[in-house]
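Dear colleague,

I am handing over the structure that we talked about, and you will find it just below. Please have it open while you read the notes that follow.

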Amino acid sequence: MVSVEVDNRSGAPVDEVAAIELAQRVLADEGISDGEIGLHFVSPDEIRALKRDHLGIDEATDVLAFPIDTREELPVGLPRQLGDAFVCPQVVGDAWRAPLVHALLHLLGHDHGPEMDARERTHRT
């Protein structure tokens, strides 16, 4: 099972258990049975700084993903580090599930386009 480390520094209440369950289900459905991800709930200021520093766009956003291992073949015994997903509860509100699925698919190496759109549709809750 994929280990999900949650860090809520957004200042907003978050259903961490539901987020972990969604992440584990989506990753399992995508064929990822082991590994680790970081799931960070952050403030609008923090997600804006991340987007500015890493993408050169100075605006708050709903979610960002920073993949590490994606689906690459790893040496035996080396744990899979999928990467980190950052979600801003103040931007997404109660509609956090779809942005989280979007970020998880990025962690697996999917890019925007028809294939990713189709993958997102299969994971709608």
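At what angle do helix H1 and helix H4 pack, and how far apart are their axes? Helix H1 (residues 16–29) and helix H4 (residues 97–107) pack at an angle of about 45°, with their axes 10 Å apart, where axes are lines fitted to C-alpha atoms, for helices over the stretch in contact, and angles run from 0 to 180 degrees between N-to-C directions. That angle makes H1 oblique to H4, since angles under 35 degrees count as roughly parallel, over 145 as roughly antiparallel, 65 to 115 as roughly perpendicular and the rest as oblique.

Before going further, please keep in mind that this is a predicted model, in which local features need pLDDT of at least 70 and side-chain atom pairs count only at pLDDT 80 or more, while totals for chains, interfaces and linings use all residues. Residues are numbered from 1 along each chain as its sequence is written, and side-chain values use heavy atoms, with hydrogens and water left out. The labels for helices (H or I, at least four residues) and strands (E, at least two) come from DSSP runs, numbered from the N terminus.

How many of the eleven residues of H4 are buried? Nine of them are, so H4 is largely enclosed by the rest of the structure, where buried means under 20% relative accessible area, exposed over 50% and partly exposed in between (1.4 Å probe, protein chains only). After H4 comes Gly-109, whose phi is positive, near 100°.

Helix H2 (residues 44–55) has twelve residues and reaches 16 Å from its first C-alpha to its last, close to the 16 Å expected at 1.5 Å a residue, the expected span being 1.5 Å times one less than the number of residues. Its buried residues are Ile-47, Leu-50 and Lys-51. Seen down the axis of H2, these residues fall within an arc of 95° and so line one face of the helix, the arc being that of the directions from the helix axis to the C-beta atoms. They pack against strand E3 (63–67) and strand E4 (81–87), whereas the face of H2 turned away from the buried side carries the exposed residues Asp-45 and Asp-53.

Lys-51 is buried, with a relative accessible area of 9%, and, not counting residues up to four places away in sequence, Lys-51 touches Gly-56, Ile-57, Glu-59, Thr-61 and Leu-64. One of these, Thr-61, is found in the loop between H2 and E3 and is buried as well, with a relative accessible area of 13%. With residues up to four places away again left out, Thr-61 touches Ile-47, Lys-51, Cys-88 and Val-91.

With best wishes

Notes:
Contact means heavy atoms within 4.5 Å.
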